[in-house]
Amino acid sequence: MSQPSVTAQTAKKPRHPCVPGDLRLSVAPMMDWTDTHCRVFHRLLAPHARLYTEMVHANAVIHGDRARLLAMDPVEHPVALQLGGSEPELLAQAARIGAEYGFDEINLNCGCPSDRVQAGRFGACLMREPQLVADSVAAMAAALEQHGLDVSVTVKCRLGVDDDHDWDRFLAFIDTVAAAGCRMFVIHARNAWLKGLSPKENREVPPLRYDWAYRLKQERNQLQIVVNGGIATQDEATQHLVHTDGAMLGRAAYHDPYLLHRLDVAWFGGELKTRGELLRALRPYVESQLARGVYLKHIAKHLLGLFAGERGGRAFRQVLSEGAHKPGADWSLIEHALSLTESFQDARVDAA
Ligand SMILES: Cc1cc2nc3c(=O)[nH]c(=O)nc-3n(C[C@H](O)[C@H](O)[C@H](O)COP(=O)(O)O)c2cc1C
């Protein structure tokens with residue numbers, strides 16, 4: 001498939017309502033979850049949030065199927081491409097390609113603990129190689145500047161690896177990378193344990209220490225610090241804003257996407273819409289994707305949590321998960337799930 005030209009992408013880029021540098025709300029990069037369909041849905045819920053792609057390895061960007069790997073809808077802005085890798089030259093090429101595709105930020109993954117990532121010497125193990133990360137950031141920033149691409153390079157990292165709880169080493173990592181031109185860090189506020197824990201356990205077992213992210217903001221006020229990890233409620237997210245520039249939500253945003261809408265309205269203003277209103281606004285997108293041959297199941301899987309914790313939420317989930325993979329499944333399935341769920345909610349009102 002032919003690549004979109006730079007000019008076409010740039011021309012399509014709408015002015016987004018998020019002032020540059022407003023990082024208060026973001027949705028974490030999540031492999032297999034934050035694909036373009038998911039991000040379009042999240043954008044609808046949270047017009048001001050900064051969105052992140054799944055991690056894509058620099059090699060895949062350079063040699064792989066870019067049309068698929070870098071698929072992005074213009075409504076997604078501001079949206080960051082997260083890269084994996086540790087070879088500065090390759091990362092520089094991949095960053096340039098990503099920026100030419102229209103991504104607003106290039107984020108380097110220094111937090112993923114999987115074995116595959118460790119074998120490739122990237123992700124969280126890069127926290128042990130601050131100079132290599134700095135060289136990578138510098139190479140990416142130089143490539144972007146050389147091509148006149150006004151896109152910032154950022155880093156998402158942990159506090160340390162394994163049982164390294166040395167504040168000075170963490171700060172030295174940040175300082176080394178900042179000196180190479182990185183002004184914004186997403187801090188997943190726990191260590192990565194590289195031996196003995198699965199990636200899932202690595203998101204749950206190592207204890208969270210938000211105080212390190214807060215202290216980093218205090219000691220390096222000129223940097224933009226976004227805190228991530230275990231943020232589950234509106235109150236928790238709001239509390240993090242007292243100490244940092246932003247809160248990044250991952251699993252909570254995915255499993256309870258209406259939380260994103262509530263946060264966006266609370267922090268940026270606007271009218272709180274119902275779940276049904278928000279979902280129906282997705283119809284033109286869903287229908288345009290179906291017309292292009294996309295199967296409903298690829299979009300519907302991201303919608304399952306919309307009524308999480310609500311009456312009828314289980315029925316909504318069930319109708320979508322049982323029906324979306326069937327041949328010919330289309331918008332009418334979503335409408336059916338929605339009407340069924342709304343009937344549960346009406347019943348509650350009647351009973352009251
Ligand atoms: C399914 C899944 C996939 C993830 N993939 C990535 C990834 O590609 N890159 C990354 O930096 N972090 C990844 N993460 C970690 C999240 O970005 C985030 O740091 C972590 O889930 C903690 O935030 P949370 O508690 O709000 O979910 C992933 C998390 C999940 C649940």
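Me: Why is Asp32 called exposed?

Reply: Asp32 has 8 other C-beta atoms within 10 Å. The label exposed applies at 12 or fewer, so Asp32 is exposed. Keep in mind throughout that this is a predicted model.

Me: Where is Asp32, and what can you say about its phi?

Reply: Asp32 sits in the loop between β1 (25-27) and α2. Its phi is positive, about 70 degrees, although Asp32 is not a glycine.

Me: What about Asp162: what is its phi, and where is it placed?

Reply: Phi of Asp162 is near 50 degrees, again a positive value in a residue other than glycine. Asp162 belongs to the loop between β5 (152-157) and α8 (167-179).

Me: Why does Asp162 count as partly exposed?

Reply: Asp162 has 17 C-beta neighbours inside 10 Å. A residue is exposed at 12 or fewer and buried at 20 or more. The value for Asp162 falls in between, so Asp162 counts as partly exposed.

Me: Which class does Trp33 get, and why?

Reply: Trp33 has 18 C-beta neighbours inside 10 Å, so it counts as partly exposed. Trp33 is found in the loop between β1 and α2. Leaving aside residues up to four places away in sequence, Trp33 touches Cys38 and Tyr254.

Me: How far apart are Trp33 and Lys301 in sequence and in space?

Reply: In sequence they are 268 residues apart, while their C-alpha atoms are 9.0 Å apart in space.

Me: What makes Glu105 buried?

Reply: Glu105 has 22 other C-beta atoms within 10 Å. Buried requires 20 or more, so Glu105 is buried. Glu105 is placed in strand β4 (residues 105-110). Not counting residues up to four places away in sequence, Glu105 touches Ala80, Val151, Ser152 and Thr154.

Me: What separates the C-alpha atoms of Glu105 and Ala308?

Reply: The separation is 31 Å, for two residues 203 residues apart along the chain.

Me: Let us turn to the strands. How do you know that β6 and β7 pair?

Reply: 5 bridges join β6 to β7. Pairing needs at least two bridges, so β6 and β7 pair, and they run parallel. Within this pair, Phe185 stands opposite Ile225 in β7.

Me: What joins β7 to β8?

Reply: Strand β7 (residues 224-228) and strand β8 (residues 246-249) are joined by 3 bridges and run parallel. With at least two bridges required, β7 and β8 therefore pair as well. Asn228 has Met248 of β8 as its bridge partner. Helix α9 (residues 210-219) packs on the sheet and touches β6 (184-188) and β7; the direction of α9 makes about 175 degrees with that of β7.

Me: Which barrel do these strands belong to?

Reply: The barrel is closed, has 8 strands and runs β1-β2-β3-β4-β5-β6-β7-β8, with parallel pairing. From one strand to the next, the twist averages 25 degrees.

Me: Why is β7 said to be largely enclosed?

Reply: 5 of the 5 residues of β7 are buried, so the rest of the structure largely encloses it. Both faces are covered: Gln224, Val226 and Asn228 are buried on one side, and Ile225 and Val227 on the other.

Me: Which peptide bond is cis, and what is its omega?

Reply: The cis peptide bond joins His77 and Pro78, with omega about -5 degrees. Pro78 is in the loop between α4 (66-69) and β3 (79-84).

Me: What surrounds the ligand?

Reply: 23 residues surround the ligand, and the closest are Ala28, Met30, Met55, Gly250 and Arg251. Two or more residues of this shell come from each of β2 (50-57) and α11 (251-255). By class, the shell has 10 nonpolar, 8 polar and 5 charged residues.

Me: And how do the two domains meet?

Reply: Domain 1 (6-268) and domain 2 (275-351) are the two divisions of the protein. There, 12 residues of domain 1 are in contact with 13 residues of domain 2. On the domain 1 side, α2 gives the most, with 6 residues.

Methods. Residues numbered from 1 in each chain as written. Predicted model: local features only at pLDDT ≥ 70, side-chain atom pairs only at ≥ 80, totals over all residues. Helix = DSSP H or I, 4+ residues; strand = E, 2+ residues; numbered from the N terminus. Axes fitted to C-alpha atoms, helices over the stretch in contact; angles between N-to-C directions. Contact = placed C-beta atoms within 7 Å. Near = placed C-beta within 6 Å. Nonpolar A, V, L, I, M, F, W, Y, C, P; charged D, E, K, R; others polar. Domains from an automatic or database assignment.
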